[in-house]
Amino acid sequence: MQYTTATTIRCLSLSLAGFAAWVGAADIKVACVGNSITAGMGIASNQAYPAKLDSILGTGYAVTNHGNSGKTMIRAVNDAYWKQPQFGDAISSSPGIVIIELGTNDSKDYIWPNYKQDFKRDYRAMVDTFRNLSSKPEVWICLQPRANNPSWGMLDAVIEKQVNPLIQQVAMEAGIPLVDLRTGMNGHPEWFQSDSVHPNAAGAKGMASIIGTLLKRPTITVAMDASLEGGLHAPQGFGFQWYRNDTLLAGETGQSLKPKARGSYKVSVKVEANTQSRLVSRPTLIVAGMEVRTPKHRLLRVGPSGRLELSGSGALQVRLSGPGGREVDPLGKSTGGAQSANGSGDAP
């Protein structure tokens with residue numbers, strides 16, 4: 001029995017811990033890139049948010065701190081993060097996830113008026129620099145928390161009304177996750193040191209909790225929408241933006257999408273009503289009516305024998321839907337359920 005390319009192949013993730021035990025996979029490396037807020041100025045290194053994030057994420061992750069105090073995203077400035085050894089260290093760490101927290105120092109009154117036109121361009125360039133590494137990390141970026149210290153030339157109004165809106169634009173245009181640290185840390189004056197800029201130990205812990213909670217949320221999954229005859233449907237959220245081949249699809253902001261061309265589709269979802277935090281689905285490949293969905297930190301490929309293979313760290317289940325909704329294995333035989341790559345069934 002044969003099936004056409006309209007057959008749907010669905011790849012679902014098993015637990016990361018279970019898969020790591022299966023293949024002995026290494027920890028996912030999380031590189032925290034940022035300024036003094038990341039570095040942990042004024043508190044012990046083991047109290048900085050990356051150290052707390054490492055504890056929150058637990059087994060399967062290894063978090064490293066690449067923060068450098070006083071550094072900017074704008075690279076024309078002498079104190080640009082781009083020029084620091086921590087930037088090179090973050091790159092050479094071969095991360096699986098990168099978290100960028102930069103922009104507070106860019107807001108200073110002797111920097112922002114002269115270089116603000118470069119901020120968004122340089123931010124997107126750093127995002128793309130990390131995304132293009134051989135380790136192909138997920139890049140997460142953060143809205144800057146409240147920071148107000150006029151003696152340092154730093155006014156929170158600039159961060160709120162100019163810096164953060166540009167960071168949000170980068171997240172939307174690049175189709176990457178956004179962590180709303182500003183809203184998450186607002187209402188907690190007790191989380192800040194007396195300089196009104198740097199988190200204290202409690203604030204760093206709270207910051208790590210905000211980021212860690214988002215990182216540990218289930219991967220957003222795009223489903224096939226039968227009512228759209230092959231359309232795609234995002235899970236429940238408070239705002240949507242669709243992408244094809246990592247390019248924003250202007251005007252496609254509904255929960256469902258009817259693909260108009262072959263390509264790799266994904267959706268950014270605003271996951272909370274009261275924050276700007278967003279998560280992004282795994283790409284869904286549409287080729288001649290076939291859907292291939294790859295879960296978080298997984299790479300699916302066709303091997304030399306023509307069979308599907310799993311490359312890198314991750315877990316895989318394959319489900320094929322035959323005529324009449326019957327489940328079949330890759331050879332067309334009827335099955336009682338999903339075939340998985342962990343040894344059950346005949347899945348490739």
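Of the 39 residues in the largest nonpolar core, the ones that touch the most other members are Tyr49, Leu53, Ile99 and Ile211. Helix α8, residues 201-215, contributes 7 residues to this core, the most of any element. The model is a predicted one. The protein has 348 residues, and 50% of them count as buried. Its secondary structure consists of 8 helices and 20 strands.

**Cores and overall contacts**

- Tyr49 is in contact with Cys32, Ile37, Thr38, Ile99, Ala204, Met207, Ala208 and Ile211, once its neighbours within four places in sequence are left aside.
- Two of these partners, Ile99 and Ile211, are also named with Tyr49 among the core residues that touch the most other members.
- In soluble globular proteins, nonpolar side chains tend to be buried together.
- Among contacts in the protein with a separation of 6 or more, 64% join residues 24 or more positions apart.

**Helices α5 and α6**

- Helix α5 covers residues 112-131 and helix α6 covers residues 156-174; they pack at an angle of about 30°, and their axes are 10 Å apart.
- Angles under 35 degrees count as roughly parallel, and α5 and α6 are therefore roughly parallel to each other.
- The crossing of α5 and α6 is right-handed.
- On the α5 side, the contact is made by Trp112, Lys116, Phe119, Lys120, Tyr123, Arg124, Val127 and Arg131.
- On the α6 side, it is made by Val158, Gln162, Val163, Leu166, Ile167, Gln169, Val170, Glu173 and Ala174.
- Sorted by class, the contact of α5 with α6 has 10 nonpolar, 2 polar and 5 charged residues.

**Helices α4 and α5**

- Helix α4, residues 85-92, packs with α5 at an angle of about 35°, with the axes 10 Å apart.
- In this contact, Phe87, Ala90 and Ile91 of α4 meet Met126, Thr129 and Phe130 of α5.
- The residues of the contact of α4 with α5 are 5 nonpolar, 1 polar and no charged.

**Two buried residues**

- Val158 lies in helix α6.
- Buried means under 20% relative accessible area, so Val158, with 15%, is buried.
- Not counting residues up to four places away in sequence, Val158 touches Ser107, Trp112 and Val163.
- Val158 and Lys108 are 50 residues apart in sequence, and their C-alpha atoms are 8.4 Å apart in space.
- Gln84 is in the loop between β3 (61-67) and α4.
- Gln84 counts as buried because its relative accessibility is 16%.
- Gln84 touches Asn68, Lys71, Asn78 and Asp79, again not counting residues up to four places away in sequence.

- Most residues other than glycine have a negative phi.
- Lys136 is not a glycine, yet has a positive phi of about 50°.
- Lys136 is in the loop between α5 and β5 (138-143), and its relative accessibility of 56% makes it count as exposed.
- Asn245, also not a glycine, has a positive phi of about 50°.
- Asn245 is in the loop between β9 (240-244) and β10 (247-248), and is partly exposed, with a relative accessible area of 42%.

Notes
Residues numbered from 1 in each chain as written. Predicted model: local features only at pLDDT ≥ 70, side-chain atom pairs only at ≥ 80, totals over all residues. Heavy atoms only, no water. Axes fitted to C-alpha atoms, helices over the stretch in contact; angles between N-to-C directions. Helix = DSSP H or I, 4+ residues; strand = E, 2+ residues; numbered from the N terminus. Parallel < 35°, antiparallel > 145°, perpendicular 65-115°, else oblique. Left-handed = near helix turned anticlockwise from the far one by under 90°. Contact = heavy atoms within 4.5 Å. Nonpolar A, V, L, I, M, F, W, Y, C, P; charged D, E, K, R; others polar. Core = buried A, V, L, I, M, F, W, Y, C linked by side-chain atoms within 4.5 Å. Buried < 20%, exposed > 50% of the residue type's maximum accessible area, 1.4 Å probe, protein only.
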